[in-house]
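Dear colleague,

Please find the structure below for your records. My notes on what was found in it follow directly after.

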Amino acid sequence: MSKVSMVLNGKTVSSDVEDRTLLVSFIRDVRGLTGTHVGCDTSQCGACVVHVDGKAVKACTMLAVQASGSDVVTLEGIGSATSLHPVQAAFREHHGLQCGFCTPGMIMSAVDMINRHGAGNLDEATIRDELEGNICRCTGYHNIVKAIKAASDQMAGMSQAAE
Amino acid sequence: MAIEGIGARALRKEDKRFITGKGQYTDDMVLPGMGHAAFVRSPHAHAKVIGIDASAALSMPGVDAVLTGDQLVGDGIGNLICGWMIHSKDGTPMKMGGWRALEPEVVRHVGQAIAVVVADTPAEARDAADAVVVDYEELPAVVDAVAALEPGAPQIHPEAEGNLIYDWEIGDEAAVNAAFASAAHVTKMEIRNNRLVPNPMEPRAALASYNDAEEHHTLYTTSQNPHVARLVLSAFYNVAPEHKLRVIAPDVGGGFGSKIYIYPEEMVCLWASKRVGRPVKWVSDRTEAFLTDAHGRDHVSEAELALDADNRITGLRVKTIANLGAYMSLFSSSVPTYLYATLLSGQYNIPAIHANVKTVYTNTTAVDAYRGAGRPEATYLVERMMETAAREVGLSPADFRRKNFVREFPHQTPVIMCYDAGDYDATLDAALQAADYAGFAARKAEAASRGKLRGIGLSCYIEACGIAPSAAVGSLGAGVGLWESAEVRVNPVGTVEVLTGSHSHGQGHETTFAQLISERFGLDSDAVSIVHGDTDKVQFGMGTYGSRSGAVGMSAIVKALDKVEAKAKKIAAHLMEAAEGDIQIEGGELKVAGTDKKLSFTEVALAAYTAHNLPEGMEPGLKEGAFYDPTNFTFPAGTYVCEVEIDPETGQTEIVSFVAADDFGKVINPMIVEGQVHGGLVQGIGQALLENAAYDENGQLLTASYMDYTMPRADDVPSFNLSTHETLCPGNPLGMKGCGEAGAIGSPPAVINAITDALGSNDLTMPATPEKVWQLCQGAVKQAAE
Amino acid sequence: MYETTYHRAGSVAEASDLMSKADDGKVLGGGQTLLPTMKQRLAAPSDLVDVTKVAEMNGISEGDGSVSIGAATTHAEVASSDLVKAKLASLAGLAGGIGDPAVRHMGTIGGSVANNDPAADYPAALVALGATVVTSKRSLSAGDFFTGMFDTALDEDEIVVSVSFPLIEKGAYAKYPNPASRYAMAGVYVAKHLDGSVRVAVTGAGQDGVFRVEGMEAALAANWSPDAVANITVDANSMLHDIHGSAAYRANLVTVMAKRAVKAAG
């Protein structure tokens, strides 16, 4: 057992857990934040993607104790129903989700992708390449790609407007 | 928010919860004191169970119980069943082998459950399951359906001699023989339809609880049809009587058919929760899903097409062997028969068709309906034959199809189906134009200059949806009727709840169904809630599969709305002292035509519930229910055009363009319909290029994770060019046909026809992996050199 | 996953000490291979020694004619490093193509080389570039370090501290991914060294892990062009074969990827 402490969606949390506890299990089962999902056992599907210290990682392939001391953000931490993150809003606007199960990872990967490339710098080929680690079975990706492109372009407009 | 009725691209009401992490899937449910189940599974494809030693497991931390098949059978839990009776051509009923939720005697596929451990945590349950020692005596296994029929093959079930489940036929064999006897040209092919794993991103899960004081069970589960689950669990599996069993399918993360069926694990959780006296949760991991979720397809067929001297089709002869796996899953028997062979006429006038289908047990995971179910197999066969025949007789594939199109409706095919409406020229024309078919030769030449092989392929598909008229399917062997129910509850304040027996697991029913109410009453969709997925809330329903929720589920809602509207108009007429026939509903108000008298929908609803002043003899309230039983199948159809470019050095196929022109009848929400097509296309492209469930000769599944089973990813597929072309379905009030499966049905032959066009070789099976394509490229290069 | 005991090391010395005390310890880098293996219960280390916070194992620095990369440096850090991009662009390119973005944020060069997965990308880079593996005990050439599939010269308690890459005249890595897992089915790194010698290293295809193709090296030393390797094939008998590709197909991919790597290197 180890004491795991982290800042989770802006709030400092701490629990004693078995060392084998995965970060995704800590988030879902210990902290009750069920917006992060588990869709495979081999680190491929990406439904579990969260941000650790600002970077997208697969929460099914990291121990909770590895993230102790880190800043962790999940889907619940980037926006809310009354104040959607632009990527969340774009997924709705462009029908970038159907069953919703892969959506947490898709959105968190999209936010990370826009952060790294810079808003407005994503084209379709880059987005498809960047989504290598996120599997969706419903949408055929068409509208996910569209949503991410739209969010990226919109965020570029927002940051321009702010300048 | 604006009023968004029929035809509006309304954004989805359900999205807000999914994009903010507030969805409620089965694995998100927590009940006080719940334990966790882990299954002990067979590592062998075929073996006798000699003994089970649970002593070590029982002494491990957190373990409540280790339960086995003997206990399950002892408690009177029934065998899993197949609910659709098929008779062989000699009149004998299909041979169904026994399937126990925990197998005490003989395991028949890798991953079959033998025992379950219930413990405090998932990890403790898994630790203990690993410590259960099972003694097996291995038996020889067979995984290939053709091999399973050969003399001397391992015998899988005592009930099915030679592993043959049924030997079924449809059509007029003598007429087909006559057509072939006088044929000017015969096209003959062996066609394989590869085995697929459905892979909804949410794995199956169950959370069962039992209240001993009430003798009442509750099951949260990943189901496409919770009412059917309850019916089967009660009536056949003897878990609990229906009124003592509540089944809830909350948010469900995709199904594609695989969540229609009742599986051993869900049953075992229900039974175990009563046995151990605490709620029991089980969540499948992905490898368990590969090993136990019903697979799809897996056909081998011989097909022959007869043409006359004018290249008109005169006959089609098909012999198919279908692999049903180790057990007959819930609807497995219907897939290679009435969902397959009845579609072998395609979009074409074919005067004579005969099909013979043998289904076979093998030591593999059970096979049942997967998106399209039978119709992709039929479409692949017909459209590969059409393309090949066109090449053989030297006609353009488009012209050959056009020559044989059905153009008069209704059209009775020789294989039961009666097509009610369609315009196949319209979708073909639209697709060819969108794909710039005429400009292909120039694109091919340009690709060749870059060392790439370019090809184009067509697929003109038809499917039968809106499953289905109850009397018709009953006469064909179905154990249930396939109607749908709806209840429309107008609340006293004028908001509306619609209870439906359909189930949404990605299809967006909460939005599309609400559009019907907005259209009818002029209400904002925020004033409408769609309620589904809970047997305590909705009286009964048949669930969502076979692209039926629009054509059947929404038709039931329309019928209920008709009744609500009629009653509301009566009340309004009474209150405004007008004639009932003069009442019009517009913009959320009931108006007296030609006057300025009006009442808001809310006022009428309130009047219905206060009941202070209702027409003489009228019951209070404004709530109506309806059942809708379809009059016919519906027949969505369309043309898909795929264009590929192949790298001959690696065999890599790139889809450079994909066009879909569909006729779905009336479209309620184009945005959602397009999404359904996108997803279906990628599943079909996945089947054509990437996906294959492969077994080794010992029955080990070689593709039991995403490390080996190739799921389509974003960089495997293109964006799509879609259009819809409406002919209304005359059989239901909205004229809808259904759109959920078309993409998966129509796309595989378009892809393979394009690749074989590029290669100039027809010898290609799905999936067209880079290696297979590279091998054919070697042949092409060699031929060119000779 | 079986229960294990996690330790976070603050120094190489502490990590070595923890490893030597453990029953069956494993060094934990980014965990992108080790944790999935443990989840499948195919590995059950008693102890995990996390070295990602060890300062001396992090970071990228320029040496005399070389670039040194700390073992705990992630693939994303290598891919985006201005220094690596300027001095060893082909290596940055390789790192940017490992796994997917989330995996690259966690996975480390040390973890990759110490595991020596036959389908991993880094071993090809180390062999083609003639890298030196610096461990907690010694320095080893890449050729001596990789001893076979999933096998290295590392002792049980020995830890990879950094990898030092000599600068080269030019080079590139081309891979053909397994369509399902996206690991390399054949990845070929070609490098023309400053002394004019050429190394060609192949990952993903060989039965014994990473290997060199001497015929291609000689041909490229004489004539650095895609055509020089276009007709040089490796022995299919020593290639891997599985449901995704036969040995003959992999042998073909080796030649095709070699050609493309040479072309990309310019």
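In chain A of this predicted model, strands β1 (residues 2–8) and β2 (residues 11–17) run antiparallel and are joined by seven bridges; two strands count as paired if DSSP finds at least two bridges between them. The two form a hairpin with two residues between them, and N9(A) in the turn has a positive phi of about 50°. Within this pairing, V4(A) stands opposite S15(A) of β2(A). Helices (H or I, at least four residues) and strands (E, at least two) are DSSP runs, numbered from the N terminus.

As for the interface, 47 residues of chain A are in contact with 43 residues of chain B, contact being C-beta atoms, placed from the backbone, within 7 Å. On the side of chain A that touches chain B, the largest share, four residues, comes from α3(A).

Regarding confidence, the model scores ipTM 0.97 and pTM 0.97.

Residues are numbered from 1 along each chain as its sequence is written, and chains are lettered from A and ligands numbered from 1 in the order in which they are written. Local features need pLDDT of at least 70 and side-chain atom pairs count only at pLDDT 80 or more, whereas totals for chains, interfaces and linings use all residues.

Yours sincerely

Definitions and conventions: Contact = placed C-beta atoms within 7 Å.
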